[in-house]
Amino acid sequence: MHENSDFLRLVVNSIRKDLDGNNEIDNCLALHAIANVGGSEMAEALAEDVHRLLISPTSQTFVKKKAALTLLRLYRKHPNVISAAEWALRIVSIMDDPDLGVVICVTSLVMALAQDNLDAYAVCYTKAVDRLHRLVIGHEYSATYAYYKVGNFEMRLVLDLIQSTIEDPTIRSVLHQVLQTIMNNSAEPTRNVQHNNAQHAVLFEAIGLAIHLDSGSPLVGTAAILLARFISSKETNVRYLGLDTMAHLAARADSLEPIKRHQNTIILSLRDKDISVRRRALDLLYSMCDVDNSELIVGELLRYLKIADYALREEMVLKIAILTEKYASSYKWYVDTILQLISAAGDHVGDEVWYRVVQIVTNTEDLQEYAAKVVFEHLKAPSTHESLVKVGGYILGEYGHLIANEPGYSPMEQFQVLHTKSQFCVASTRSLLLSTYIKWVNVFPELKPQLVNIFERYRHVLDAELQQRACEFYALALRPEDDELLQNVCEEMPPFPPRVSALLGRLNLKHGDTEDKRTWIHGGKEANLEREVVQRKTEGNNPDSDDIIGSLAGLEISSTSVEAADPTLAPVSSNKPPRLTVGPNVNQWFDKLTYTAEGVLYEDDQVQIGVKSRYQGHLGQVAIYIGNKVSAPLTSFTTAIHLDDSDALTVTFAKMPPSTIGPRTQTQQLLHVECKQMFLTPPILTLSYLAGSHQAISIRLPIVITKFFEHVKLGSADFFERWKLIGGPPREDQAIFPIDLNQAGQLDLIKHRQVVSGYRLNLLDDVDPNPNNLVAAGVLHMSTEGKVGCLLRLEPNKEAKLCRLTVRSTSETVAAEVRKLVQQPLKADP
C-alpha cells in the first residue's frame, strides 16, 4: 500500500487506538504500519503517540525499541513533524535504560536528531561517554549483546554518536581512557577471523573518534601505526576500513608525513581486486596530496585512469583536475596535465574541466603561446575527444596568431587540423568553432575565402543556433577591410574575474546525503576548514546548468593557502539559555549565596540542592550537593552547565555525574571555575532525572564577578587619592535606594558589613569619619584581562531610611555590576 493512499486516512484512528492499548502485539503492529507506510499526514497525526509510547515507563522493552526506530524512520522521512529540541532531554534519558537493546535503538535515534539539533542534544555526549566507560572498562553487557566476546554493536553506535567537539576536560579524560583501552585490546590480531572482525569494528570507530577529538594526540600516533598494518592486510574488509580511516586522518592531521611513508602501498591499492577498496584508495590519495607529492600522485592517477572502472572515472577526473589546479608548480605542468586528462578520459570529462583550462590560459599572458602549441599538437592526433576540440577551438581562436609565424603552426595548418575534427562534433561544438573562424577572419586574411565559404554553407543548416551564428558571421566577414566593426567584435577576451570553484561543487554533488552526516570530507585539512564556506557559496549554484562559466574561480598557482573564510558566512549557534525554574524562594536563595560561601540553592518535594564554594584569584571550586528526598531512586540523572559567554567564564565538572541517586541519599558534584574576563550573566545548572516522570530543573549558580575579588589594604590617604584619581562617571556608578532598619529602629550595620565583606571587598576601618559609613576596596582577578581595581562607599541615612552606594572602578562595566550586586540584598523589600 502506498503512503499517499486515501485508505490510510481512514485507519489513522484505528492505529492510534492500537498504540494506546495495553496489548504489546497491537502496539508493535501499529508501529510497523507507521514506519512502513506512514506518509506525512500519518506522521503528523501519530508522532506524539509514538513518542509517548517510547517514554512510557509501562512500555515493554521490545515496544520501546520499535517506537525508537519508528521515530527515527519518521524523522528521516518527515523531520518537520518531530519536535526534536522539545523532546531532547526525555529521549536522551532513555540512554540509561538497563536493557541494551533499548539503548542501541535510542542511540540510533539520538544520533540522527543530534546532527540537526546540536545544542539541544549536547547532554547526550555525557551519557554516551558514561555508557561507553561502563561497556569497555566495566564490561556491563550481557552475552546476548556480545559477538565473540566483544560488545561491538553497542560500542560502535556510541562511538559513532560522540562525533562532536567535546570541550569538557573531564569527559575528554574518561574518553581518552576508554579509547586507549580499546586500542590496547585490539592491537594484536587473533587467529579467529570472526573475533578479529568484531574487534576491528570497534577499533576503527575508536580510531576515527580519536582523530576527530585531537589529531595530534599520542593515541592518533598509535592509530597511525595500526592503520599502516591494516592497509596491507590480506582481509579485504580490513584494507577497506584501514584506507577509509587513514583518509580521515589525512583530513584532520597537521602533518601528512606518517601517511606518506605508506604512499607506495596506497598507490598499489588502486589496483586491488575489490572496487570498494580501489575507491577508498582514490579518496586517500586525493586527501594526502600536497605540494611535495602532487606530481607523483597525479601522474599515477592519470596512468590508472586509462584502465579504471567506468564507475570511478568521472570522480577520478574531477579529483585529478582539482589536485592539478590546487598544487600546480607551474602553469605549463598544469596545462600539460589537464590536456592529458581530457585526452585520456574522453566522455567522463565534464564541461567544468575544460572551462577551467580556458580561464587559466585567458588570465595568464605568459602561458598563452605555450598553450596554443600544446593544444595544436594534441589536435594532430588521429582521434581526439570533443572536449579537446572545444579547448583547441577557443585557444587557437584567441591565441593562434602568437604561433602562426613558427614552422608547423601556420594559419592554414591550424585551420586544417581544427576543421577536420568539426565534422565529428555536435552542434554546440561547431557553434564554438564558427566563433573561432570569425576570429581568424580578423587575424588571418589569407584564410578568408575558405572561412566565408564555411559560413555560407552553415547559413542553410537546420540548427537555429548554428544558422544564426553563420548568418551574422557571414555578414561580418563581407564588410569592407577598413571597417572597424570586425576588429571590435573580435577583440581578445578580457581576464575572467575570480569566482568559487565549480569543480568542488560538482565533486560534492557526487556524495549524496544517504547516510548519517560525516563531520569531515575528503580533501585534506584545508578542504575541511573551508567546508562550510564552500557549501554556502555554492548553494543554489547548479554545476549541471548551462551557465557553468559563471561559476569559474580564479587560480593562484603561486600560493596553496586557502582563502580566508568570510566571517559573515559562519554558522550561528543558537545557544539559547534554558528556561529557569521558578519557585517562592529560588531568587532569595540565589541572592544570599552571591555573598555567602555556602547554603541551600534549591529545594522541592523531591530534591535539595546545596552549594559550598571557595575562590582564590581567578580560580574557584564550587561543590554542589544534590540530595534525594524521596524513597525511590532518581534514575537517568544528568547535569549540564549553560554559559552565556564561554570566552569569559569556564565551568567544568571535576568528574562525571552518577546516573542514579539512591533513595534518601546525597551525591556531590565538584565544579572547577575560571574567570577569564568580565562577565555579567551567571551560569545555569540544569538537572534532569526520572522519578516516576521526567523532571528538569534549571537554576542559576551563584557564580558572580565579585567571587573573584581579592582584598586590598589601603590607608585613608591612599584610598581617597585613588578615589579621586578614578574620578566620576563613566567609571563611577551610584545609586540611592530605600533600606530597612532593624527591630530596634537602628541601622542594621552588622548586615551591611556582612554583605559588603561577603562580596569579597576588604572593609577599610577608620577611613570615613562617619562610623555608619562603610568604605571597601578590592581587586578583580581575570586570567585574560588581568586585574581591575574597585573602590566602594556605602552611606546609609537612618532618618531618611535611604542609602547611597557609590562604586568606582577602572572598568565602568565592573563598577556597574558591583553596584547592582551589592544593592540587591541591602535594599528594602517593596
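Visitor: Which residues of helix 34 are buried?

Guide: A residue counts as buried when under 20% of its relative accessible area is left, as exposed when over 50% is, and as partly exposed in between, using a 1.4 Å probe and protein chains only. In helix 34 the buried residues are Val814, Ala815, Glu817, Val818, Arg819, Leu821, Val822, Gln823, Pro825 and Leu826. Please keep in mind that this is a predicted model, in which local features need pLDDT of at least 70 and side-chain atom pairs count only at pLDDT 80 or more, while totals for chains, interfaces and linings use all residues. Residues are numbered from 1 along each chain as its sequence is written, and side-chain values use heavy atoms, leaving out hydrogens and water.

Visitor: What covers the buried residues of helix 34?

Guide: The cover includes helix 33 (749-758) together with strand 9 (709-711), strand 10 (732-738), strand 12 (774-782), strand 13 (786-797) and strand 14 (802-809). Such elements are DSSP runs numbered from the N terminus, with helices (H or I) of at least four residues and strands (E) of at least two. The protein chain holds 34 helices and 14 strands, and 51% of its 830 residues count as buried.

Visitor: How many residues has helix 34, and what length is expected for it?

Guide: The expected span of a helix is 1.5 Å times one less than its number of residues. Helix 34 (residues 812-826) has 15 residues and reaches 22 Å from its first C-alpha to its last, close to the expected 21 Å. Helix 16 (residues 275-288), with 14 residues, reaches 20 Å, close to the 20 Å expected for it.

Visitor: At what angle do helix 16 and helix 18 pack?

Guide: Axes are lines fitted to C-alpha atoms, for helices over the stretch in contact, and angles run from 0 to 180 degrees between N-to-C directions. Helix 16 and helix 18 (residues 310-326) pack at about 10 degrees, with their axes 11 Å apart. That makes helix 16 roughly parallel to helix 18, because angles under 35 degrees count as roughly parallel, over 145 as roughly antiparallel, 65 to 115 as roughly perpendicular and the rest as oblique.

Visitor: Which residues of helix 16 and helix 18 meet?

Guide: Contact means heavy atoms within 4.5 Å. Ile275, Arg278, Arg279, Leu282, Asp283 and Tyr286 in helix 16 meet Ala311, Leu312, Glu315, Met316, Lys319, Ile322 and Leu323 in helix 18.

Visitor: How is a sheet read, and in what order do the three strands of the open sheet stand?

Guide: Strands of a sheet pair through backbone hydrogen bonds, either parallel or antiparallel. Two strands count as a pair if DSSP finds at least two bridges between them. Here the open sheet of three strands has the order 4-7-8, with antiparallel pairing. Its edge strands, strand 4 (635-642) and strand 8, each pair on one side only, and neighbouring strands are turned by 15 degrees against each other on average, direction ignored.

Visitor: How many bridges join strand 7 to strand 8?

Guide: Eight bridges join strand 7 (residues 684-691) to strand 8 (residues 693-700), while strand 4 and strand 7 pair over six bridges. Leu687 in strand 7 is the bridge partner of Thr639, and Leu687 also stands opposite Ile697 in strand 8. Strand 7 is mostly covered, with seven of its eight residues buried.

Visitor: What lies between strand 7 and strand 8 in their hairpin?

Guide: One residue lies between them, and Gly692 in the turn has a positive phi of about 85 degrees.

Visitor: In what order do the five strands of the open sheet stand?

Guide: The order is 1-2-3-6-5, with antiparallel pairing, and the edge strands, strand 1 (598-603) and strand 5 (649-653), each pair on one side only. Strand 5 pairs with strand 6 (residues 666-675) over five bridges, where Leu671 in strand 6 is the bridge partner of Phe653. Helix 31 (residues 586-593) lies across strand 1 and strand 2 (607-616), running at about 160 degrees to strand 1.
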